[in-house]
Amino acid sequence: MTAVLHKAERDAVVRPRPARRARHPYALASALFLAPMVIVFGYFSWWPIVQSALLAFQRTNLVDPAQWVGWQNFANLFADPLLGTAALNTVWFTVLALIFGFPVPVFLAVVMSELRRGGGLFRVLVYLPVAVPPVVAVMMWKFFYNSDYGLLNGMFGLVGLGPFPWLQDTAWAMPSLVLEATWAGAGGTVLIYIAALTSVPKELYEAAESDGASIWRRIWHITLPQLRGVLLLMLLLQIIGTFQVFTEPFVMTDGGPEDSTATVLLLIYRYAFVYGDYGMAAALSVLLAVVLGLLSAVYLRATKTWSST
Amino acid sequence: MSGLISDSDRKRRTVRAVLGSTQFAVFLGILVLGLGPILWTVKGALSPTQELLTDPLKLFPSQPDWAALGEAWSRLRIGHFMLNTVILAGGSWLAQIIVSTMGAYALSVLRPRYGKYVYGAILATLFLPGSVSLVALYLTILDLPLTGGLSIANTPWAVWLPHAAHAFTILLMKRFFDGIPRELFGAAQVDGAGPWRMFFLIVLPMSKPILAVASLLTLMSAWKDFLWPMVAISDGEAHPISVALPRLAEFSEENMVIAGMFLALMPPVLIFIAFQKYIVRGVGFTGLKG
């Protein structure tokens, strides 16, 4: 019947144009359902973001009224020799975390995806460390790293190696933290890659196999390129996550020895909750947010270029 | 099973040998690294401290001291601090589920005209990690704006309410609600159902799977929380176990501390093992959100 109608009539039948300024049928209900969400986001997400930007230009210690100080907080920050140390330490943590933590989950996910039986058990085992609360995990590794009665030096001692100064030496402390963090986090990444691997079209593998491509070439030319999107996403998320590392240095080393594991977030925590200088802490938070924002922007830019080529 | 290695590959001897031994090595590796540390806490809890210090490589305690677990429970008051964790995690879970189901329902089904702006403002917070506004959030809970100086610091509300503002759970819920066939709502409207009855009689009953996934992810992450409860709750008596443990460790014997660690890690590990199907699915989804 639609076919015989004129175009204007057809439009009217299929898509009755809403009268202008007609009231939304559920205006009141919509507002009521949205209210809790808008209130909690307003108070605990949107306002703190705005307030961080304001605080960065104020001096406040919660006792005296807040004062506008312009760029003074940033000037003080850059005058603090610890800022450079903390920034470098944080970048070093991130780089080490990528070296330790990026290839291993890819390897595990590819191997585990090829299991015909027992995949469930593998997945449980690989995710178990992620289920352990981070504080308990860090305390556990602190015991393992102990120079006198630690498990690791004991085991290396059996084969005549060590003892190693896991947490005592300025060069060793950071890699030791990264080792723990990798142990604690890799399982989640493995599960994400396994989920991504199930969406690789089987026809690609079948076609490659009938063309005589070896298993290695199939991994190199099909599996990894097909995972590219999720690999890049996890790379960005891992970088953003490791830029905010806190629990490991706070519980395991308290930034030591000699500030070799002092990270940016540890510094923010100290400025605010040890020295009570909330303006400085906010200024450093804003700097961190800017860096993370730039990273995300570069990432979005890069993935756009890669996906269009 | 991804289909990378086909049936005909698996008939070749070298493929079978390499694949089998790699899988076996991986199994041993994740067994030792995944289960090992948890079993180590069991051993450490049951061994006398003296033995831990002199012979850390011992696989089994010479005289398992089962009373140590009970002693840690009462002397370090693990039960008290775990109850604090249960209260904080439970309230965070409830607040987050109520706020996200209601909000996602409004955004996905009721769709007010300003909805897309609200949703945009919520998604934008995904890109700003919480630790960046940690300091401002602390000042906010000390003095809630527009309330005449109300402070919720040092109360459970300071943990519950910020947890409710979780963009990812809202995204998860909205995506799920978007998949509910619109005809259902049309039919319900014809039958005279209003927005509240559609919410309680259609949306909630249909959302059990996503509610299960969101609940588990929320509970596990609330149980693991460390930095925020440490900042938001100044009263040591009200600290959750994760904040209390490092402090208790400073003045307690090693085997007591390890027993405390074992007790603290068991609830999330057991929840994970019991509901691993849902959690594995949920974690797989988190990576594909982009």
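Predicted model: local features only at pLDDT ≥ 70, side-chain atom pairs only at ≥ 80, totals over all residues.
Author: Residues are numbered from 1 along each chain as its sequence is written, and chains are lettered from A in the order in which they are written.

Reader: Why are helix 7 of chain A and helix 14 of chain B called roughly parallel to each other?

Author: Take helix 7 (residues 134–145) of chain A and helix 14 (residues 241–249) of chain B: their axes cross at roughly 25°. Angles under 35 degrees count as roughly parallel, over 145 as roughly antiparallel, 65 to 115 as roughly perpendicular and the rest as oblique. The two helices are therefore roughly parallel. Their axes come within 8 Å. Axes are lines fitted to C-alpha atoms, for helices over the stretch in contact, and angles run from 0 to 180 degrees between N-to-C directions. Helices (H or I, at least four residues) are DSSP runs, numbered from the N terminus.

Reader: Which residues in helix 7 of chain A and helix 14 of chain B meet?

Author: Val135(A), Val136(A) and Met139(A) meet Ser242(B), Leu245(B), Pro246(B) and Ala249(B). Contact requires C-beta atoms, placed from the backbone, within 7 Å. Ala, Val, Leu, Ile, Met, Phe, Trp, Tyr, Cys and Pro count as nonpolar, Asp, Glu, Lys and Arg as charged, and the others, Gly among them, as polar.

Reader: How many residues of chain B are in contact with chain A?

Author: 84 residues of chain B are in contact with 86 residues of chain A. Helix 2 of chain B gives the most to the chain B side, with 14 residues. That side divides into 63 nonpolar, 18 polar and three charged.

Reader: What makes Asp259(A) partly exposed?

Author: Asp259(A) has 16 other C-beta atoms within 10 Å. A residue is buried if 20 or more other C-beta atoms lie within 10 Å of its own, exposed if 12 or fewer, and partly exposed in between. Asp259(A) is therefore partly exposed. Asp259(A) is found in the loop between helix 12 (247–253) and helix 13 (264–274) of chain A. Its phi is positive, about 60°, although Asp259(A) is not a glycine.

Reader: How do you know that Arg77(B) counts as partly exposed?

Author: Arg77(B) has 16 C-beta neighbours inside 10 Å, so it counts as partly exposed. Arg77(B) is found in the loop between helix 4 (67–75) and helix 5 (78–110) of chain B. Phi of Arg77(B) is positive, near 50°, in a residue other than glycine.

Conventions:
Contact = placed C-beta atoms within 7 Å.
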